[in-house]
Amino acid sequence: MNYKILIPAAVAGVAGIVTLFSSLTVVPVGSTGVVKELGAVNGETIPEGLHFKTPFVQSVYDMNNKVQKAEIKTEAVSKDMQVVTTTIAVNFYVPANRSADVYQNIGKKYEDVILTPSVQESVKSVMAKYSASDLVDSRSAVASGVQDTLNQKIEHYGIYVSQFNITDMNFSDEYNAAIEAKQVAEQNREKAEIEAEQTVVAANAAAEKKRIEAQAEADAIKIKADAEAAANKEIAASISSDLTEYNKVEKWNGQLPQVSGADRTIVNFSDTTDLN
């Protein structure tokens, strides 16, 4: 066996295989290949799939174009100087046509370098416009405002936010205690108002009951009086003049009246009757 020929041939075969595999690259699904020549980005990109490249000269970095999710904790101060701690959930992505720019200008850690600080800054900027109570009441509007501000900061870098949510919002213990005390006071006030209204309703009902009872009693008295008047009227109409005279006779005590004459002599009709 001629080793002088076999060894070089084997070396050449291995080198050929290495060269062949070095000239092939596979870009995974949902990614864009950023082509580098001797370590420098040349601006060329290749889509997902199998591709040829110049071995030992060109290399390919796979830039993820899928939607990614990041959870970022932030701390801000409200308009009324209350400390607000929040947890932000951000869905973001790098479009294929911006892959080379992001890799060349920012690098692989664009989430840490650009996204996270921009989220924190945007949250502080927007939440400073709201009072603590308004942050709670207008949570969706606050999230929308932060997302708009964030997009303005990072889109020119080639990073885009598709969804933004405030998943958690906490205030200081002192503020929470004050809110709880306020809620208790509000509940007590509402309870007192309800009790006062119930008292007024009960008093009005009692007064209305008395009015109805008094009206019923007055109506009964009037009805009775009207009935008696009607009865008396009927009785009066039925009394004759003879009955009137009879009543006079019944009431007469048997004595005739005495009349004084012109000479002051008293004439007793009773005596005159005896003379007859």
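Biologist: Which residues form a nonpolar patch on the surface?
Modeller: Leu38, Phe56 and Val57 do, and together they have about 350 Å² of accessible area. Keep in mind that this is a predicted model.

Biologist: Where is Val57 found?
Modeller: Val57 sits in the loop between β4 (49-52) and β5 (58-64). Its relative accessible area is 34%, so Val57 is partly exposed.

Biologist: And Leu38, buried or exposed?
Modeller: Leu38 is exposed, with a relative accessible area of 71%. Leu38 is in the loop between β2 and β3.

Biologist: What is the phi of Leu38?
Modeller: Near 55°, a positive value in a residue other than glycine. Leu38 belongs to the turn of the hairpin that β2 and β3 form, with two residues between the strands.

Biologist: OK, on to the strands there. How do β2 and β3 pair?
Modeller: Antiparallel, over four bridges, with β3 covering residues 40-46. Within that pairing, Val34 stands opposite Thr45 in β3.

Biologist: And how many bridges pair β2 with β5?
Modeller: Seven bridges, again in the antiparallel sense. Val34 has Tyr61 as its bridge partner in β5, and Val35 has Val60.

Biologist: What order do the strands of that sheet have?
Modeller: The order is β3-β2-β5, in an open sheet of three strands with antiparallel pairing. β3 and β5 each have a single partner strand and stand at the edges, so one side of each has no neighbour in the sheet. On average, neighbouring strands of this sheet are turned by 30° against each other, ignoring direction.

Biologist: How many residues of β2 are buried?
Modeller: Six of the seven residues in β2 (residues 31-37) are buried, and the strand is mostly covered.

Biologist: Let's switch to the other sheet. Which order do β6, β7 and β8 take?
Modeller: They form an open sheet in the order β6-β7-β8, with antiparallel pairing. The edges are β6 (68-77) and β8 (160-171); each has a single partner strand, so one side of each is left without a neighbour in the sheet. Neighbouring strands here are turned by 20° against each other on average, direction ignored.

Biologist: How many bridges join β7 to β8?
Modeller: 10 bridges join β7 (residues 83-93) to β8, and the two strands run antiparallel. One example is Ile88, whose bridge partner in β8 is Ile166.

Biologist: And β6 with β7?
Modeller: Those two pair over 10 bridges in the antiparallel sense. Val77 stands opposite Val83 in β7.

Biologist: What sits between β6 and β7 in the hairpin?
Modeller: Five residues lie between the strands, and Met81 takes a positive phi near 65° in this hairpin. Met81 is not a glycine. With 64% relative accessibility, Met81 counts as exposed.

Biologist: Time for charges. How many salt bridges does a search of the whole structure find?
Modeller: Four. One of them joins the side chains of Arg98 and Asp101, at 3.3 Å from N to O. Arg98 counts as buried at 18% relative accessibility, while Asp101 counts as partly exposed at 31%.

Biologist: Which residue does Lys153 meet in a salt bridge?
Modeller: Glu121, with 3.1 Å from N to O. Lys153 lies in helix α5 (residues 139-154) and Glu121 in helix α3, so this pair ties together parts that are 32 residues apart in sequence. Lys153 is partly exposed at 25% relative accessibility, and Glu121 is partly exposed at 47%.

Biologist: What about Lys222, which residue is its partner?
Modeller: Asp226, with the closest N and O atoms 3.0 Å apart. Both residues are in helix α6 (residues 173-238), four residues apart, which is about one turn of the helix.

Biologist: Which residues of α3 are buried?
Modeller: Among them are Tyr110, Ile114, Leu115, Val119, Val123 and Met127.

Key: Residues numbered from 1 in each chain as written. Predicted model: local features only at pLDDT ≥ 70, side-chain atom pairs only at ≥ 80, totals over all residues. Heavy atoms only, no water. Patch = residues over 30% accessible without salt bridge, like charges linked within 9 Å, V, L, I, M, F, W, Y side chains within 5 Å. Areas by Shrake-Rupley, 256 points an atom, 1.4 Å probe, with all protein chains shown as cover. Buried < 20%, exposed > 50% of the residue type's maximum accessible area, 1.4 Å probe, protein only. Pairing = 2+ DSSP bridges. Axes fitted to C-alpha atoms, helices over the stretch in contact; angles between N-to-C directions.
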